[in-house]
Amino acid sequence: MSRQNDMAERYAELKCTPEQIQELDEAFARADKAQREFEKWDQASIDRTIQSIAQIVANSKTFHELVLLGISESDFGDPISREAKRFKIRGILRDCLREKSVGIIEEIPEKRIVKYAKPVGVIGCVIPATNPDLTPAGNAIYAIKARNAIIFCPHPRTLKTSRKTIELMREGLRRVGAPEDLVQILGYKGKINKGFSEAMMTKVDLIIATGGQGVVRRAYMSGTPAYAVGAGNATMIWDETAKQDLNKAAFNTMRSKTSDFGSGCSADGNIVIHESIWADALKELVAVGGYMMSPAEQDAMRKSMWDDECHRHSDTVALSAVDMAKHAGFAIPEDRKFLIASHGTGIFNESLEGVWCREKLSTVLAVHQYRGEFQNAIDTIMAIHEVGGIGHSVGIFSFDDDHIHRLASVARVGRIMVRQPQSKANSGSMNNGMPMTSSIGCGTWAGNATSENIHLHHYMNVTWVSREFDKPDPMIDAELFGEFYDPELEKI
């Protein structure tokens, strides 16, 4: 277990201050004690506990206040669409209430296997500035359902919001008689910095890391088992059959692109559109609130978003379309919801010429045309993923099941949304069967431990109990080796 690491050596390596060391050691000791007490609770009491902490954060009034505080602290984000994230907390709670986490959780009679759930222990979670309320609430619900304690390390830019969220959940624990130290947050004594965050990662039993690639790399280098996420750059394909309902295709992309001003990693960054519907598709995107940038405006926007070495400028992350344009030096009508870069080079690489196929984290969308056979759309997706977004998500607006199957067979992503708004769907929705989460695994493609949505079963250990069959279940050698079977070689 990670708690066996030599923390004195690690603290020195990370140059942790006495205040940071004291705070982390004390928080871990309290969490460990609380977890050992709570793991003895029965399923009904545990379910009541997660209902309490979910309600106290996700009720409309409280979540509204948390959203306003988070946007005020960070100075980015859209209050209207961000408030809708309270439904994600409801979805996580729904998923948890439908599953067991105590005792027997699954039986496979034909294999005589019975599975028992066990807690992980103390989980460490890094909170991104883009979700200072949703991430701690969702992760705490999953952690506590699995009978764990959880310690959060907030982003310095949204410390107050995350702290308030954790304080509320601790109140939710107290009102059902659960140990309040099941949920804690760092930053009361020690200064939040990379060293403090990395020390927490080394100290705990499991890491859930949601944030930039720096956070993810540090999680995997900590020596502690970790579930971390890859970079987003969600891309859509609109094939020729999308013509059947182009307005819905455009509306879905608008919803995905504008959710919290495009700050989510699941927001549509690119659409690859068939030549036969290209003109009509652009008209529909404008009809639902898009603004088509001129070549000059697009060039100004590029300079506003990236430097000449393709490094993303942070001051244009998660701004409204109007503010994005203003930052780039031009004006657009107040009713425009997102901007469209449609004069791309057709180059999909890491150079400055291919910059529009990168992750944008904004209300800017890039559209790319493909011609001829559907394989050309697949090739474009694969090329884009060589630049960014591999392992994360692809969407397709198509009524051709063969196209959907062909894409699913080769796309190097963990999830494909069919005719859905990606940022509203790929991390779970009331309208689909994806597990609810705020953390999306991107598989070995992106250096992640899983390609799944991080959900309840990632927060627990499982013991398999096996009973012997009444008679063996072998395959004879001729069946096992097939055409390579040589009976003469088996006579020894």
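**Notes on the predicted model**

1. Not counting residues up to four places away in sequence, Gly428 touches Lys88, Met434, Pro435, Met436 and Asn453. This glycine sits in the loop between helix 17 (422-425) and strand 15 (460-466). The model is a predicted one, and every remark here should be read with that in mind.

2. Is Gly428 buried or exposed? Gly428 counts as buried because its relative accessibility is 3%, and the cut-off for buried is under 20%. Gly428 and Ile92 are 336 residues apart along the chain, while their C-alpha atoms are separated by 8.7 Å.

3. The protein chain is divided into two parts: domain 1 covers 7-229 + 454-465, and domain 2 covers 235-437. Taken over C-alpha atoms, the centres of domain 1 and domain 2 are 31 Å apart.

4. How many residues of domain 1 are in contact with domain 2? The contact involves 17 residues of domain 1 and 14 residues of domain 2. The area buried between domain 1 and domain 2 comes to about 1300 Å², and carbon and sulfur atoms give 52% of that area.

5. Polar terms across this interface deserve a separate entry. There are 2 salt bridges between domain 1 and domain 2. Asp260 forms a salt bridge with Arg82, with 2.9 Å between the closest N and O atoms. The rule for polar contacts finds 10 residue pairs across the interface of domain 1 and domain 2, both residues of a pair being at pLDDT 80 or more.

6. Which elements give two or more residues to the side of domain 1 that touches domain 2? They are helix 5 (79-83) and helix 6 (86-97). Helix 6 gives the most, with 7 residues. By residue class, the side of domain 1 that touches domain 2 divides into 5 nonpolar, 5 polar and 7 charged residues.

7. Lys15 has a phi of about 55° and is found in the loop between helix 1 (7-14) and helix 2 (18-38). Lys15 counts as exposed because its relative accessibility is 73%, where the cut-off is over 50%.

8. The other is Ala318, with a positive phi of about 60°. The place of Ala318 is in the loop between helix 13 (295-305) and helix 14 (321-328). Ala318 has 1% relative accessibility and therefore counts as buried.

9. Leaving aside neighbours within four places in sequence, Arg302 is in contact with Asp307, Asp308, Leu352, Val355 and Trp356.

10. Is Lys203 buried or exposed? Lys203 is found in helix 9 (residues 194-203). At 15% relative accessibility, Lys203 falls under the 20% cut-off and so counts as buried. Lys203 and Gly389 are 186 residues apart in sequence and 30 Å apart in space, C-alpha to C-alpha.

Terms used:
Residues are numbered from 1 along each chain as its sequence is written. This is a predicted model: local features need pLDDT of at least 70, side-chain atom pairs count only at pLDDT 80 or more; totals for chains, interfaces and linings use all residues. Side-chain values use heavy atoms; hydrogens and water are left out. Domain bounds come from an automatic or database domain assignment. Contact means heavy atoms within 4.5 Å. Buried area is the accessible area (1.4 Å probe) that two parts lose on being put together, summed over both. A salt bridge is a side-chain nitrogen of Lys or Arg within 4 Å of a carboxyl oxygen of Asp or Glu. A polar contact is a pair of N or O atoms within 3.5 Å; within protein, one must be able to donate a hydrogen and the other to accept it, and residues adjacent in sequence count only if both atoms are side-chain atoms. Helices (H or I, at least four residues) and strands (E, at least two) are DSSP runs, numbered from the N terminus. Ala, Val, Leu, Ile, Met, Phe, Trp, Tyr, Cys and Pro count as nonpolar, Asp, Glu, Lys and Arg as charged, and the others, Gly among them, as polar. Buried means under 20% relative accessible area, exposed over 50%, partly exposed in between (1.4 Å probe, protein chains only).
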